[in-house]
Amino acid sequence: MSVSVAIPPSSLRRDPSSEPLLDSGYRRGDEDTAVSSKAAPLKKKYAINTMKCFGVELSPDNIAVAMVYFVQGVLGLSRIAVNFYLKDDLHLDPAETAIISGVSSLPWLVKPLYGFISDSVPLFGYRRRSYLVLSGLLGALSWSLMATFVASKYGVAFCILLGSLSVAFSDVVVDSMVVERARGESQSMSGSLQSLCWGSSAFGSIVSSYFSGSLVGTYGVRFVFGLTALLPLITSAVAVLVKEQPVYGSMSGHNISSDTNTGFIASSKSSIMQLWSAVKQPNVLLPTLFIFLWQATPHSESAMFYFTTNKLGFTPEFLGRVKLVTSVASLLGVGLYNGYLKTVRLRKIFLATTVVGSTLGLTQVVLVTGLNRRFGISDEWFSIGDSLILTVLGQVSFMPVLVLAAKLCPEGVEATLFATLMSICNAGSVLGGLMGAGLTQLFGVTKDRFDNLALLIILCNLSSLLPLPLLCLLPEDIANADSKEADDIEMKSN
């Protein structure tokens, strides 16, 4: 999901009357002024509002954030359907499939642009609610087209691009709410907040995983696309939970003035200047460079999908079960990081997860060569175990990237800079996918030829070790679990 993965500029601040992101919404003064007959209801309200998940209080804003991430996870319902549609209906090769996948990720590369738009051009007086509603409707439209009219690889690429845009834009809105609080918090609290977000996404993946395969086998890909079209509407619905004061004098429906356009240009120019001033600082630029290089290593996912379905005969239903296992593993990875690793130094986490992940990734060679069957392990069970371990490691290694990106953002441009950092991270991932497509073509791996697939897997896994000599680009120490020292951490990150 990436996937699986933007923020409005810094002027998009929470109104003074809004509750802080981690606030329960309960104020002690309410108890002091309440009459005794209302004491019981207030106690009950307090108990409800202080419910926590991953250590984060479930205020309405936090619930909205979690639900948007949940939608990002549950949209995985269509992933297997898309893969089989490209392979069986459109008869594309692995390299072409990888290219379409890379192109469809392009909306995630310009996430700061969405921040400029949502900050400077509020719709109907709102910068957050309105864009959440619009994003949900756009996603529903894209999958509705997939379920009805699309019949070519270009149409598929356009619709997936449109759906990706809807998710990226909604991600901008909710991430701004996260970053505004994460910048001044300790690494431990920032990790808890990120754990809530990605835990919700992993839970969404679990909900949709098993059915993603069985529905394809039973009803076909078009039915799955139509069902997926209903899910983005959840994003539109949770917009009512976002506490936001209307912006008076802004664009509302048809009332668009030249002052609005001028304000948008001036605000965007100012944000770009602030953004460049922040990015060129060595303590931001160098870690960003490492994140990009860490993500920009080739992978062979498309080739492996064709091998497991065309060569090993894995059915959509079985792939749905594998996806269910990986979704649970992703949630386990979030819990592992949140419980034991969020105070560990970043360099240690990156080093350990990269080395171990690269080594274990080579186990796919065992599946390709059939060596597992010599030891009495079926292809199905080996694939499930391999996917589970690699997914846990992948999630554990990606969580520090989110925390690091949030901690690097200095005051004043934290929202826009976070969006930029994550866009750079996504750009590295897209580049890695395109490099993988090129290598797949170079090695002659097609939908029915897999002679050099083992060499492709070995090269892709070993390439993931290349960024390790640049670990020195990461901050020496931003780990501190004590929230009382948040101000000191803020000074270091700035």
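K87 and D88 join their side chains in a salt bridge, with 2.7 Å from N to O. The term salt bridge requires a side-chain nitrogen of Lys or Arg within 4 Å of a carboxyl oxygen of Asp or Glu. Side chains of opposite charge can pair when their charged atoms come close.

A word on the source. This is a predicted model, where local features need pLDDT of at least 70, side-chain atom pairs count only at pLDDT 80 or more, and totals for chains, interfaces and linings use all residues. Residues are numbered from 1 along each chain as its sequence is written, and side-chain values use heavy atoms, with hydrogens and water left out.

By the salt-bridge rule, the count comes to five. Another of them links D379 and R373, at 2.8 Å from N to O. D379 is buried, with 10% relative accessibility. R373 is partly exposed, at 47%.

E317 and R321 form a further salt bridge, at 3.3 Å from N to O. Both sit in helix 15 (residues 316–341), and because they are four residues apart, about one helical turn separates them. E317 is partly exposed at 35%. R321 is partly exposed too, at 40%.

Now the overall fold. The protein has 22 helices and two strands. Helices (H or I, at least four residues) and strands (E, at least two) are DSSP runs, numbered from the N terminus. Of the 494 residues, 54% count as buried.

Two packed helices are described by the angle between their axes and the distance between the axes. Take helix 5 (residues 94–103) and helix 14 (residues 301–311): their axes come within 8 Å and cross at roughly 135°. Helix 5 is therefore oblique to helix 14. Axes are lines fitted to C-alpha atoms, for helices over the stretch in contact, and angles run from 0 to 180 degrees between N-to-C directions. Angles under 35 degrees count as roughly parallel, over 145 as roughly antiparallel, 65 to 115 as roughly perpendicular, and the rest as oblique. The crossing of helix 5 past helix 14 is right-handed. That term applies if the near helix is turned clockwise from the far one by less than a right angle; anticlockwise is left-handed.

Next, the surface. The protein exposes about 21300 Å², and carbon and sulfur atoms supply 64% of this area. Accessible areas come from the Shrake-Rupley method with a 1.4 Å probe; for residues, only the protein chains shown count as cover. One nonpolar patch covers about 630 Å² and is made by V133, L137, Y219, F223, L227, L230 and L233. Patch residues have over 30% relative accessible area and no salt bridge; nonpolar side chains (Val, Leu, Ile, Met, Phe, Trp, Tyr) are joined within 5 Å, like charges within 9 Å. Helix 7 (129–148) and helix 10 (221–228) each supply at least two residues of the patch. L230 lies in the loop between helix 10 and helix 11 (233–237). L230 is exposed, at 53% relative accessible area.

Finally, K407, a residue of helix 19 (residues 379–408). K407 is buried, at 1% relative accessibility. F418 is 11 residues from K407 along the chain, and 9.0 Å separates their C-alpha atoms.

Definitions and conventions
Buried < 20%, exposed > 50% of the residue type's maximum accessible area, 1.4 Å probe, protein only.
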